[in-house]
Amino acid sequence: DAGVTQSPTHLIKTRGQQVTLRCSPKSGHDTVSWYQQALGQGPQFIFQYYEEEERQRGNFPDRFSGHQFPNYSSELNVNALLLGDSALYLCASRPQDRSRYGYTFGSGTRLTVV
Amino acid sequence: GQQLNQSPQSMFIQEGEDVSMNCTSSSIFNTWLWYKQEPGEGPVLLIALYKAGELTSNGRLTAQFGITRKDSFLNISASIPSDVGIYFCAGLSNTGNQFYFGTGTSLTVIP
């Protein structure tokens, strides 16, 4: 049973460019959250998607946007990249059965902006 | 937003020693969690705590949910080399939609 899968694993972009990161949730999970983890810091919540809608958003600018597809997979888009956007981007999914606690994190996408 | 402060920031211990770390928050949480993160990986859940005062164990790991609901503690007994990693506390928002992570404790175990 595959866990949460993220792609790509590593990415290098130039300032001002746009990037799309992808996440496939664990089987049986329907909710996807995205987190940004800067080097040496704890993850920071970006937003959460459920039923193809953004349900909650953290303190991130509109340059960060997302999408969820009918198969529950999700994308994170970041426009007009800044050097400070360099970080590990983590995806976490939650089970459809809410009686089972179980947010599962993927291994992340390491984004480097130069 | 909520601030979760962890201490110590880093620890260097001998194999076999016990480890204690804690986490404090400026806000109340109804659920506390402890995660471990290894290089190149995402956080992996170690222990989840759901009630103030709760004490829960997972093998050599024991965590407690503080009675004020603003703090939590994690203890690791008889440390082994594979315990190396960064340990994060996290509080789950009342909506259940968002984690607030601590600043992390880096653990190094010297064989």
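Tutor: A polar contact is a pair of N or O atoms within 3.5 Å; within protein, one must be able to donate a hydrogen and the other to accept it, and residues adjacent in sequence count only if both atoms are side-chain atoms. This is a predicted model, in which local features need pLDDT of at least 70 and side-chain atom pairs count only at pLDDT 80 or more, while totals for chains, interfaces and linings use all residues. Residues are numbered from 1 along each chain as its sequence is written, chains are lettered from A and ligands numbered from 1 in the order written, and side-chain values use heavy atoms, without hydrogens or water.

Student: How many residue pairs are in polar contact across the interface of chain B and chain A?

Tutor: The pairs counted have both residues at pLDDT 80 or more. Across the interface of chain B and chain A, the number of residue pairs in polar contact is six.

Student: Which element gives the largest share of the side of chain B that touches chain A?

Tutor: Elements here are strands (DSSP runs of E, at least two residues, numbered from the N terminus). Those of chain B that give two or more residues to the side touching chain A are strand E4 (31-37), strand E9 (85-92) and strand E10 (99-101). The largest share, three residues, comes from E4(B).

Student: How many residues of chain A are in contact with chain B?

Tutor: Contact means heavy atoms within 4.5 Å. On the chain B side, 20 residues are in contact with chain A. On the chain A side, the number is 18.

Student: Which residues of chain B lose the most area to chain A?

Tutor: Chain B and chain A bury about 1,500 Å² between them (accessible area, 1.4 Å probe, lost on being put together and summed over both). Of this, 51% is on carbon and sulfur atoms. Three residues together make up 35% of what the chain B side buries, and they are B:Asn97, B:Phe99 and B:Phe101.

Student: What is the count of salt bridges between chain B and chain A?

Tutor: A salt bridge is a side-chain nitrogen of Lys or Arg within 4 Å of a carboxyl oxygen of Asp or Glu. Over all chains, the search finds six. Between chain B and chain A, the count is zero.

Student: How many residues apart in sequence are the parts that A:Asp85 and A:Arg63 tie together?

Tutor: A:Asp85 forms a salt bridge with A:Arg63, with the closest N and O atoms 2.9 Å apart. A:Asp85 is in the loop between strand E8 (74-78) and strand E9 (87-95) of chain A, and A:Arg63 is in the loop between strand E6 (53-57) and E7 of chain A, so the parts they tie together are apart in sequence by a residue count of 22.

Student: Which residue in E3(B) is the bridge partner of B:Ser7?

Tutor: The open sheet of chain B has five antiparallel strands in the order E1-E3-E8-E7-E6. Its edge strands are E1 (4-7) and E6 (55-58). Four bridges join E1(B) to strand E3 (residues 19-25) of chain B. The bridge partner of B:Ser7 is B:Asn22.

Student: What is omega for the cis peptide bond that joins A:Ser7 and A:Pro8?

Tutor: A:Pro8 is in the loop between E1 and strand E2 (10-13) of chain A. In chain B, the bond from B:Ser7 to B:Pro8 is also cis, with omega near -5°. For the cis bond joining A:Ser7 and A:Pro8, omega is about -10°.

Student: What is phi of A:Glu52?

Tutor: A:Glu52 is in the loop between strand E5 (44-50) and E6 of chain A. Most residues other than glycine have a negative phi. For A:Glu52 phi is positive, near 65°.

How values were computed:
Buried area = accessible area lost by both parts, 1.4 Å probe. Pairing = 2+ DSSP bridges.
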